[in-house]
Amino acid sequence: SPTSAIPPTDEIGDRAEAALARCGVDHLAEATAAGRLYARTPITGETLLSLAQATERDVDHAVTAAHDSFRTAWRDTPAPERGALVRRLGELLREHKYDLADLVSIEAGKIRSEAAGEVQEMIDVCDFALGLSRQLYGRTMASERPGHRLMETWHPLGVVGVITAFNFPVAVWAWNTAVALVCGDTVVWKPSEMTPLTALACDALLSRAAADTGAPTNVHQVLLGGPDVGEHLVDEPRVALISATGSVRMGRTVGPRVAARLGRCLLELGGNNAAVVTPSADPELAVRGTVFAAAGTAGQRCTSLRRLIVHEDVADAITERVVDAYTQLRVGDPLSDHTLVGPLIGQRAHTAMREALTQATADGGEVLVGGNRRLEDQAPDAYYVEPAVVRMPTQTAIVRQETFAPILYVMTYRSLDEAVELHNGVSQGLSSAVFTQDQREAERFLALSDCGIVNVNIGTSGAEIGGAFGGEKDTGGGRESGSDAWKSYMRRATNTVNYSEELPLAQGVRFV
Ligand code: UN1
């Protein structure tokens with residue numbers, strides 16, 4: 001496959017600093033030897049600068065500040081006024097779209113178009129949250145008693161701890177933060193330790209939005225650091241909701257810890273997403289949908305397509321076209337407009353990909369295209385790979401595991417029931433797709449896929465913000481972003497109001 005050349009780290013560092021300065025990050029806290037966090041770029045694999053890492057005391061201070069501003073100001077600010085903050089944030093994001101996109105490319109390795117698309121998700125969710133700020137609707141129910149009103153009202157929850165992953169370093173923060181803020185919550189954010197600069201830029205833009213709209217600046221706090229910082233946040237009793245995005249392994253740690261203090265948790269964990277291609281599928285759509293979902297973002301979306309389940313009558317034709325498209329994917333510098341596949345985030349991701357390919361081959365799989373490392377001579381510390389397609393005889397253990405890299409396993413089926421069985425036969429349940437022009441097949445798949453996201457004639461990745469985003473089973477069950485996902489960020493009160501002069505008891509109970 002073709003490649004694009006890798007720029008020197010100095011040049012990338014200058015570009016990052018310019019973007020940071022434009023976003024309002026002028027002062028980067030000096031790192032002490034003890035608590036150092038390195039900002040790196042996967043484009044060259046080298047260090048850009050070192051930053052100070054949050055301590056346990058910093059976590060305490062951040063939560064105190066967020067909690068105070070929740071109690072003394074934000075929860076009592078009318079929701080439409082809270083919306084003004086998010087509206088201003090949306091304006092600043094429009095203004096700095098390409099600054100943030102640059103930082104996303106530099107720290108997460110996303111190609112320009114996808115990085116800009118991620119910032120667009122932030123802008124979209126700000127618009128959504130602004131509308132929501134006038135629509136935090138509760139229901140009114142028919143009371144069984146005369147002269148009584150039964151209703152529910154929604155109230156701010158408190159401090160929300162947001163933990164995000166490297167692969168969507170800004171959009172997932174915005175989904176949580178824009179919605180939490182209009183819901184009257186304050187936010188403490190622990191971004192991935194791999195994307196600290198991007199996080200500082202978001203925090204600076206939000207601070208500016210707060211200053212411009214007269215909102216308390218303490219409504220948002222950011223804590224840079226590794227898993228230990230996340231753990232302090234997770235254990236902090238004043239954090240009402242932990243919204244965490246990451247691996248299933250991370251979720252298995254976070255979930256029980258939050259549950260132990262009876263806190264609330266919203267988990268967005270791994271996916272192992274599949275598409276079923278039926279004999280009636282439009283081959284053009286199926287192939288294009290597959291290639292973007294499987295090779296896009298170098299396979300590093302939680303919604304990335306990892307399994308292609310193709311009817312045996314069309315398997316050869318579809319696979320051949322996918323393989324052909326893969327040979328043309330340009331791998332390399334994500335800042336170059338011609339690149340389609342940027343780097344993996346780091347060495348561990350590359351090792352995991354190598355090991356998965358070795359295991360798949362040992363299981364009888366055949367690598368049809370890709371899998372090789374590229375550009376090693378130009379950037380020995382960066383990990384560029386050719387996305388791989390592997391034909392598998394069966395759905396072995398390695399296929400059932402999520403490897404966060406561009407590997408697409410292809411399997412065949414005979415009956416739709418068999419396809420659904422294979423599809424649902426993994427522990428994760430995030431996103432799924434069927435390519436078909438047969439309405440019965442489409443409807444049957446919509447009903448039987450056990451995922452939180454089920455698509456027809458589009459791939460598994462690239463969801464719009466208007467829907468609720470999240471998945472079932474090991475994916476954690478949380479829902480974020482659009483639809484009524486806001487309800488997770490508020491507490492519901494059921495209210496009964498008696499406007500009569502009697503005191504009838506419910507269920508016909510009599511007492512004195
Ligand atoms: C993620 O990979 O963590 O649907 C989120 C998508 C994006 C969000 C992905 N809108 O692919």
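A polar contact here is a pair of N or O atoms within 3.5 Å. Keep in mind that the model is predicted.

**The ligand site**

Which atom of Thr303 lies 2.6 Å from an oxygen atom of the ligand? It is a polar side-chain atom of Thr303. At Cys302, a backbone N or O atom lies 2.8 Å from an oxygen atom of the ligand.

| Residue | Protein atom | Ligand atom | Distance |
|---|---|---|---|
| Cys302 | backbone N or O atom | oxygen | 2.8 Å |
| Thr303 | polar side-chain atom | oxygen | 2.6 Å |

How much of the ligand does the protein bury? Taken alone, the ligand exposes 320 Å², and 99% of that is buried by the protein. The residues around the ligand include Asn167, Phe168, Trp175 and Arg301, as well as Ser461, Gly462, Ala463 and Phe469. By class, the shell divides into five nonpolar, four polar and two charged residues.

Now to strand β6, which spans residues 159-163 and is mostly covered, with five of its five residues buried. In a regular strand, side chains alternate between the two faces of the sheet. In β6, Val159, Gly161 and Ile163 point one way, while Val160 and Val162 point the other way, and all are buried.

Which strands does β6 pair with? One is β7 (residues 186-190), joined to β6 in the parallel sense over five bridges. Within β7, Trp189 is the bridge partner of Val162. Another is β9 (residues 239-245), where the pairing with β6 is also parallel and runs over five bridges. Within β9, Leu241 is the bridge partner of Val160.

**A loop residue**

Finally, have a look at Asp76, which sits in the loop between α2 (56-72) and α3 (79-95). Is Asp76 buried or exposed? Asp76 counts as exposed because its relative accessibility is 57%, and the exposed class begins over 50%. Asp76 and His155 are 79 residues apart in sequence, and their C-alpha atoms are 9.9 Å apart in space.

Methods: Residues numbered from 1 in each chain as written. Predicted model: local features only at pLDDT ≥ 70, side-chain atom pairs only at ≥ 80, totals over all residues. Heavy atoms only, no water. Buried < 20%, exposed > 50% of the residue type's maximum accessible area, 1.4 Å probe, protein only. Helix = DSSP H or I, 4+ residues; strand = E, 2+ residues; numbered from the N terminus. Pairing = 2+ DSSP bridges. Near = heavy atom within 4 Å. Polar contact = N/O pair within 3.5 Å; in protein donor to acceptor, adjacent residues only side chain to side chain. Areas by Shrake-Rupley, 256 points an atom, 1.4 Å probe, with all protein chains shown as cover. Nonpolar A, V, L, I, M, F, W, Y, C, P; charged D, E, K, R; others polar.
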